[in-house]
Every structure is written in structure tokens, then in C-alpha cells.
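Have the viewer open as you read.

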Amino acid sequence: MPRVSFSLNIEPEQVQKYYRGEAISVIATAESGLKVQFPANLILPHVTHNGIHGRFVLEYQNDGKAISLLRI
């Protein structure tokens, strides 16, 4: 299963846009420099009072469909 790792730093105010449905996808730059886009619902389990901060691994299928987002 392909994977890509990256850091996310999303402030609480920005996270609210995902909850309200104003933003439906997240775009991040992988450590390799590749731009990745995935559904916003994958970040919701990682939300804290401070927003979302840390390193993550996105697992996806060979066709590019996102499967899971794991904090590392």
C-alpha cells in the first residue's frame, strides 16, 4: 500500500471550516515535495483544542484513493 508522510499545522479557526463543510479537502506538501490532497474527514479524529499539529502518514490505494491518515 503506497504511503506519503508530511507535517500538518492547522489552527483551530481553520479546523472549523472543515467541520462546517466550507472546506472538503486538505492539501499538504509531503516530505518528498509532492503535493497531496485528501478528504478532510480524515483529519477530524486528530483535532485537539490547539487544532492539528504533527507528522502524519497518508495511506492510499494504487488508484490514488485515500485510505487512512495516521499520526506518527
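## Ground rules

Two strands count as paired if DSSP finds at least two bridges between them. Helices (H or I, at least four residues) and strands (E, at least two) are DSSP runs, numbered from the N terminus.

This is a predicted model, in which local features need pLDDT of at least 70 and side-chain atom pairs count only at pLDDT 80 or more, while totals for chains, interfaces and linings use all residues. Residues are numbered from 1 along each chain as its sequence is written, and side-chain values use heavy atoms, with hydrogens and water left out.

## Overall picture

The protein has one helix and five strands, and along the sequence they follow the pattern β-α-β-β-β-β. Its radius of gyration is 12 Å, close to the 11 Å from the globule rule for 72 residues, so the protein is as compact as a globular protein of that length. Here the radius is taken over C-alpha atoms, and the rule is 2.2 Å times the number of residues to the power 0.38. Along the principal axes, the C-alpha atoms fill a box of roughly 30 × 20 × 20 Å.

Of the 72 residues, 33% count as buried, meaning under 20% relative accessible area; exposed is over 50%, and partly exposed lies in between (1.4 Å probe, protein chains only). Among contacts (heavy atoms within 4.5 Å) between residues at least 6 apart in sequence, 56% join residues at least 24 apart.

## The three-stranded sheet

Three strands make an open, antiparallel sheet in the order S1-S4-S5. Strand S1 (3-10) and strand S5 (66-71) are the edges; each has a single partner strand, so one side of each lacks a neighbour in the sheet. From one strand to the next, the twist averages 30°.

S1 and strand S4 (residues 52-60) run antiparallel and are joined by eight bridges. Phe-6 has Phe-56 as its bridge partner in S4. Helix H1 (residues 12-19) packs on the sheet and touches S1 and S4, its direction making about 115° with that of S1. For that angle, axes are lines fitted to C-alpha atoms, for helices over the stretch in contact, and angles run from 0 to 180 degrees between N-to-C directions.

## The hairpin

Strand S2 (residues 25-29) pairs with strand S3 (residues 35-39) in the antiparallel sense, over five bridges. Ile-27 stands opposite Gln-37 in S3. The two strands form a hairpin with five residues between them, and Gly-33 in the turn has a positive phi of about 100°.

## The core

Which residues have the most contacts inside the largest nonpolar core? They are Phe-6, Leu-8, Phe-38, Ile-43 and Leu-69, in a core of 18 residues. Such a core is a set of buried Ala, Val, Leu, Ile, Met, Phe, Trp, Tyr and Cys residues joined through side-chain atoms within 4.5 Å. S1, H1, S2, S3 and S4 each give two or more residues to this core, and the largest share, four residues, comes from S1.

Leaving out residues up to four places away in sequence, Leu-8 touches Val-26, Ala-28, Phe-38, Ile-43, Ile-52, His-53, Gly-54 and Phe-56.

## A loop residue

Gln-61 is in the loop between S4 and S5. Its relative accessibility is 35%, so Gln-61 counts as partly exposed. Beyond residues up to four places away in sequence, Gln-61 touches Pro-2 and Ile-67. Gln-61 and Pro-39 lie 22 residues apart in sequence, with 14 Å between their C-alpha atoms.
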